[in-house]
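Good morning, colleagues. Please have the sequence and the structure open as I speak; I shall take the chain from its overall division down to individual residues.

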Amino acid sequence: MNESFLFGRLSLSDFEPLKIFHNPDLSTAIGSIASWIVIVGVVAVLGLLTVKRWWGPLFTQWLNTTDHKKIGIMYLAFAGIMFTRGVLEGVVMRAHLMTSYEKGFLSSEHFAELFSTHGTIMIFFVLMPALIGLMNLLVPLQIGARDVAFPKLNQISLGFTVVGGMLIMISLVIGGFETGGWTAYPPFTGATFQPGPGPDYWVWAIGLSGVGSLLSGLNFAVTIYKMRCPGMTFMRMPLFTWTALCTSILLIFALPPLTAVTLMQALDRYLDFHFFTNDLGGNMMNYANMFWMFGHPEVYILILPAFGIYSEISQTFSGKVLYGYVSLVAATMAIAVLSFTVWLHHFFTMGQSSAINAAFGIATMLIAIPTGVKVYVWIATLWRGRVRLRTPIVYLAGFIVFFVIGGYTGVMLANPTINFAVHNSQFVVAHFHNVLLPGSLFAILAAIYTWFPKFFGFRLDETWSLRTAYLFVAGFAVTFLPLYALGLMGYPRRSPAFDDPAFIPYVVVSFVGALILVSALTSFFVTFLVSVRHRDELAVPGGDPWDGWTLEWASPAPVPEWNFAVIPQVSSRHAFGIEKMSGQAFQFDIDRIEPVDLPAKSYIGLAIAVFGTMMGFALVFWIWWLAALSLLVMVGYGIALGFLPDRPIRISAEEIARVERRWIEAARSENLTRREDEVSPTNHGYAAPIAGARA
């Protein structure tokens, strides 16, 4: 392999857009076209920013912000971009599988690469950033705080997450990705089997983004432990905050094994260590154990915040107090603990003793108990409630049906004997999609609809939102439920082709479902375009369009930078709801309003994103001088930041009082919106409490 000081091992042959000119087959053409789409998309975005003159606001209001709300929005925007790529890659794979009885149109290597990037993107760069983004948006507001405990660390966390995503996107244009699946098992991803840059992209994308996730866990744990408003005891916290706390604990304890295993993989590949190869005493099972010590808690990192979202929307859109609050808290904590005891069920087929398999099978079955408690609680909350069939309820209903099916199949897979028979089949693909997509993705989509007006000041169009929800539910059912049958018929997962014509009807139906999911994704973006166009009639400046009972609804929309004019003091789990029902909401005491010091702006997160990406790219292609320079800049910036004076942004009491007075005067002059009118233009965010509701 040729290597130079200036460009390392990078050469023209690594540029994917050029490969179509050297090998113009269909598989190569698809890869090259995808890389050209990325290039054109980047140029188009840069052109739009220039034409619209958005560079100034971008650098002075967003890229240097320490406001938890804006950081949360950027997390969600990043996840949306990666989600688009992940869905489209899934459709290409489904299209290939539909034709793979006659070999298919992708090469086996290209299919394996898509298989790897799709899983990596959806797990690490869609679901995790989206849920951390929602935690950023909601947790400080729900506990009555002005921001997270460490605002600059929050910015750094986002920077590291973006680094991982950027490396994944660059791999589409330069060098290609690894072909060993999203878990990147050695020795297949070792230097002997895959000497190219693909596995190194995975190592640095996952390793660096994992640092950001770990820092997020530390930040939110401290925020929830130390920054709750007066009266906000643990048992008065909203359920979403509880799930965010448990997720933070999981991040703190689960990310170190992932960081260790990626660094050990890097040492194997770069310095010829032998942690995971048979040479010189290495053992691949060390990798499997360490990866899944992270990997199974990761499942609950993705699902626990979603459980919190479903808990919030079940009570909000049924007009009932959440049934079994204490049970939900206990179940959440039980899941967090048990999630560290089940990792070995991911490799029941790899030769452990029957006693070990039985122990981990029992632990896996046990975790179904607190999960079942949660499903029961949500159904009980909806039972005889004043349920409004809004978009979040559609997602919740779809989730309950699909998640129960996924849960049953999970209990089946907890039996090592059944697992041994179907472990490497499409049955398992159906199972984890059945759990993760309705579990996490539906919750994220429901949360975006529910809390979007809180942070942007206008609701999402109900017609298009419902269309999107129904399409996602239908698309999911048609795409993934047939895979259960395929798995039981013997169709292996990860296989780029099959030789049994009996599989053909099922893969065709699954492809149709993938097309429905693309329609759902398109409808999702159309929803935003339509809503922005009609934002004046959808405006909800009151900030409470759904009759929320928790503290995040007790402020105008969009939420001001300081969150609350006065730090609230609570005496129940439903403080704002009780105030509204008793007529004590929207009180204004100017004597209690004081100036607020907000954290100073900083570009440390942007520096991490830019130079971290440069460092990761340089390490992938062995451009050692660039890697050292990038690391030096990041470390130097961090050290310099410690010596620079901290100049907080002071918001005057007069400015805070002006915003608060305008909001409260409008609330007192408005005709409060009844629930049956909440999607009409008369809903300005001042919701009338539901008659007969009790908190």
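This is a predicted model: local features need pLDDT of at least 70, side-chain atom pairs count only at pLDDT 80 or more; totals for chains, interfaces and linings use all residues.

**Salt bridges, domains and backbone geometry**

I begin with Arg-388, which is buried, at 8% relative accessibility.

Which residue meets the side chain of Arg-388 in a salt bridge? The partner is Glu-678, with an N to O distance of 3.0 Å. This pair links distant parts of the chain, 290 residues apart. Arg-388 sits in the loop between helix 12 (368-382) and helix 13 (391-413), while Glu-678 belongs to the segment after helix 22 (653-669). Glu-678 counts as buried because its relative accessible area is 0%, and buried means under 20%. The pair is also part of one network, in which salt bridges that share partners join Arg-388, Arg-390, Arg-675 and Glu-678.

The protein chain is divided into domain 1, covering 12-419 + 538-677, and domain 2, covering 420-537. Their contact takes 73 residues from domain 1 and 72 residues from domain 2. The C-alpha centres of the two domains lie 18 Å apart.

UniProt, in an unreviewed entry, lists residues 49-571 as "domain: Cytochrome oxidase subunit I profile". Over that range the chain is 67% helix and 0% strand, and the C-alpha atoms at its ends are 47 Å apart.

I return to the charged pairs. How many salt bridges does the model contain? The count comes to 15.

One of them joins Lys-19 and Glu-16 at 2.9 Å, N to O. Both residues lie in helix 1, 3 residues apart, which is about one turn of the helix. Lys-19 is partly exposed, with a relative accessible area of 29%, whereas Glu-16 is buried at 14%.

Another salt bridge is formed by the side chains of Asp-646 and Lys-152, at 3.8 Å, N to O.

Thr-391 is found in helix 13 and is buried, with 2% relative accessibility. Leaving aside neighbours within four places in sequence, Thr-391 is in contact with Tyr-449, Glu-462, Ser-465, Leu-466 and Ala-469. By contrast, 41 Å separates the C-alpha atoms of Thr-391 and Lys-103, which are 288 residues apart along the chain.

Ser-27 is in helix 2, residues 26-51, and counts as buried at 8% relative accessibility. Not counting residues up to four places away in sequence, Ser-27 touches Phe-105, Leu-106, Ser-107 and His-110.

I close with the backbone. In general, most residues other than glycine have a negative phi, and most peptide bonds are trans. Where does the model depart from this pattern? The peptide bond from Pro-186 to Pro-187 is cis, with omega near 0°, and Pro-187 is in the loop between helix 6 and helix 7 (198-226). The bond from Ala-557 to Pro-558 is also cis, with omega near -5°; Pro-558 lies in the loop between helix 18 (504-533) and helix 19 (575-582).

As for phi, Asp-272 has a positive value near 60°. This residue lies in the loop between helix 8 (239-271) and helix 9 (284-316) and is exposed, at 56% relative accessibility. Trp-622 likewise has a positive phi near 60°. Its place is the loop between helix 20 (604-620) and helix 21, and Trp-622 is partly exposed at 22%.

Note on methods:
Residues are numbered from 1 along each chain as its sequence is written. Side-chain values use heavy atoms; hydrogens and water are left out. UniProt positions are given in the numbering used here, feature names are shortened, and annotations may be inferred rather than shown by experiment. Helices (H or I, at least four residues) and strands (E, at least two) are DSSP runs, numbered from the N terminus. Domain bounds come from an automatic or database domain assignment. Contact means heavy atoms within 4.5 Å. A salt bridge is a side-chain nitrogen of Lys or Arg within 4 Å of a carboxyl oxygen of Asp or Glu. Buried means under 20% relative accessible area, exposed over 50%, partly exposed in between (1.4 Å probe, protein chains only).
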